[in-house]
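This report describes selected local features of one protein model.

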Amino acid sequence: MRLRDDMTVKKIGDEFYLVPFAGAQADRVRSVRLNAAGAFIAKQLAFEITDRALYETVAVNTGKRTSEVESDTDEFLAELDQRGLLEDDDSDFEVPLDAEFFDIAGIKMYVSGSVKAVNTYLSDKLYAFECAPFDDEEADHEVMITRGDPPEDGSLVFMTEEFILSENMSEYIFYYNGFKRVGASVVSKDFSHSVFFLKDRRKPDDELREELFTVMRTAFLLAALKDRKVAIHCAALQDKSGTFLLSGPSGMGKTTLATLITEAYKGVCIKNGDLALVGTEDGRPYFYGIPWCGTSETYSNTTAPVDMAAFLHQAQENRSVGLGYGQAQVSFFNRLITPSWTEEMLDAKLYCAGVISGKIKSYDYYFKNERKAAEVFYERRIADHTSVQ
C-alpha cells in the first residue's frame with residue numbers, strides 16, 4: 001500500500017495539503033487538506049508500507065499504543081482510497097498477516113489475505129467447520145482476500161444480472177454487478193485456489209461478510225466438484241435409519257413438509273434446511289453438512305449416509321411415485337446447484353447424479369400442505385426400511 005506516485009504532501013501557508021501533479025493533475029484530481037496527523041501518515045505512504053508497519057509508526061509518533069491508533073488510521077486510509085489516492089503493492093499480498101483453516105465436507109480450505117485480521121472478514125457460519133491448522137500444501141482450496149483489481153486479459157464466457165464471467169488460459173474471472181464491497185474474484189481452472197478482490201479499504205461489516213460468504217460458496221462448490229461432490233437444493237433430514245432429502249424448487253414446500261415431519265415424528269431432525277452436499281465414500285452415498293443454507297438458517301457439520309430422495313410436487317392429494325434409475329438421475333441432476341459452464345463440468349455433475357441415483361430410493365412425492373402429508377411420506381419411508389429388513 002502506498003500513495004499514488006503523482007500525489008505529494010505540501011505545506012501551503014499554515015495548512016498541509018495533498019497536491020496532485022503530472023497524471024493526477026491531468027485527471028483533475030483535487031487537492032486535499034490535511035491535519036498534522038494526516039500529513040504524517042500521507043508522508044509514510046510515499047513508500048511501500050504494510051498496515052501493521054503503518055500503525056506502529058503512527059503509534060510511535062503519537063506516543064499511543066498501536067491498538068489506539070488503528071481505528072482512526074483505517075478511517076483516514078478509507079477516505080484516501082475512496083478518493084482513488086492509494087495504490088496496493090505486492091508487499092501486503094506476499095506476506096499474509098494471518099490465516100484461517102476450515103474442513104467443510106472433507107474439503108480443506110485455507111483462507112488468508114493481505115488484509116489484517118482475516119477472521120473479521122468471514123461469516124460466523126464458517127466457524128462450525130473450523131479445524132486445526134495445516135500446511136498450505138495440504139489444502140484442497142486456498143483463498144486469498146486482497147484489495148485491488150483482477151486480471152483484465154480475459155475473454156467473455158457468459159454474463160448474468162449478478163456477474164460477468166470471463167476466462168484466460170489459467171483462470172476464471174468473476175466481475176460482480178450487485179455487490180458493494182467485493183468487486184471481483186479469480187478462480188484457477190484446476191479449482192485449487194481463488195482470490196477475492198475488495199473494492200475499498202473500509203472496515204469489514206455484515207454486508208462485506210455476506211458478500212464474501214456468497215463468493216466463497218462458488219469457490220467451494222467448484223473445489224467439491226473436483227472431489228466428485230455436488231450441491232443439491234433440498235432439505236436434509238436425519239432419523240435413526242439414515243438421512244433423506246426433500247428436494248424441490250423454491251416455494252414448493254420443502255421447509256413446510258420438513259417441519260411437519262419433525263413435529264409428527266420424534267427423533268427426526270433437520271440437518272440442512274435448503275442446501276446439502278452429496279457424494280460417495282466407498283461406493284456408498286453420503287450427505288455432508290455445509291454452512292451455506294439459503295434462507296433457512298439451518299445447517300450442521302454432519303456427515304452421514306443418505307438412503308432416500310423425494311422430489312416434491314404440490315397436489316390435491318398425498319401420494320408417492322417410485323422413480324426408475326433414468327428418471328431419478330434426471331430429477332436429481334435438475335435440482336443440482338453446483339455451477340457448470342463447460343462440458344467437462346456438466347459431465348462431472350451428470351456422473352455424480354447417476355452414481356447417487358443408482359444407490360438410493362427415489363420418489364416423486366405429491367402432497368398438500370397438511371399434517372397428513374408428513375404421515376403419508378413417512379409411512380413410505382418406514383415401508384422401505386421394513387422391506388429391506
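## Surroundings of Ser247

Beyond the neighbours within four places in sequence, Ser247 makes contact with Ile232, His233, Cys234, Lys254, Ala310, Phe311, Leu312 and Arg335. The model is a predicted one, and within it Ser247 lies in strand S15, which spans residues 242–247.

The relative accessible area of Ser247 is 2%, under the 20% limit, and the residue therefore counts as buried. One of the contacting residues, His233, also takes part in a polar contact: its backbone oxygen is reached by the side chain of Ser247 at 2.7 Å.

## Lys229 in a loop

Lys229 occupies the loop that links helix H6 (206–226) to strand S14 (230–239). With a relative accessibility of 7%, Lys229 is classed as buried, because the limit for that class is 20%.

Two polar contacts of the Lys229 side chain can be described. The side chain reaches the backbone oxygen of Ala105 at 2.6 Å, and a polar contact of 3.1 Å connects it to the side chain of Asp227. When neighbours within four places in sequence are set aside, the residues in contact with Lys229 are Ala105, Gly106, Ala224, Leu277, Val278, Gly279, Tyr288 and Cys352.

## Val157 in strand S9

Val157 belongs to strand S9, formed by residues 155–159. Its relative accessibility is 29%; this value falls between the 20% and 50% limits, so Val157 counts as partly exposed.

Apart from neighbours within four places in sequence, Val157 is in contact with Leu165, Ser166, Glu167 and Trp341. The C-alpha atoms of Val157 and Asn168 are 10.0 Å apart, with a separation of 11 residues in sequence.

## Packing of helices H8 and H9

Helix H8 comprises residues 325–334 and helix H9 residues 343–357; their axes come within 8 Å and cross at roughly 130°. This angle lies between 115 and 145 degrees, and H8 is therefore oblique to H9. The crossing of H8 past H9 is right-handed.

On the H8 side, the contact involves Tyr325, Ala328, Gln329, Phe332 and Phe333, while H9 contributes Leu346, Lys349, Leu350, Ala353, Gly354, Ile356 and Ser357. By residue class, the contact of H8 with H9 consists of 8 nonpolar, 3 polar and 1 charged residues.

Key. Residues numbered from 1 in each chain as written. Predicted model: local features only at pLDDT ≥ 70, side-chain atom pairs only at ≥ 80, totals over all residues. Heavy atoms only, no water. Axes fitted to C-alpha atoms, helices over the stretch in contact; angles between N-to-C directions. Helix = DSSP H or I, 4+ residues; strand = E, 2+ residues; numbered from the N terminus. Parallel < 35°, antiparallel > 145°, perpendicular 65-115°, else oblique. Left-handed = near helix turned anticlockwise from the far one by under 90°. Contact = heavy atoms within 4.5 Å. Nonpolar A, V, L, I, M, F, W, Y, C, P; charged D, E, K, R; others polar. Buried < 20%, exposed > 50% of the residue type's maximum accessible area, 1.4 Å probe, protein only. Polar contact = N/O pair within 3.5 Å; in protein donor to acceptor, adjacent residues only side chain to side chain.
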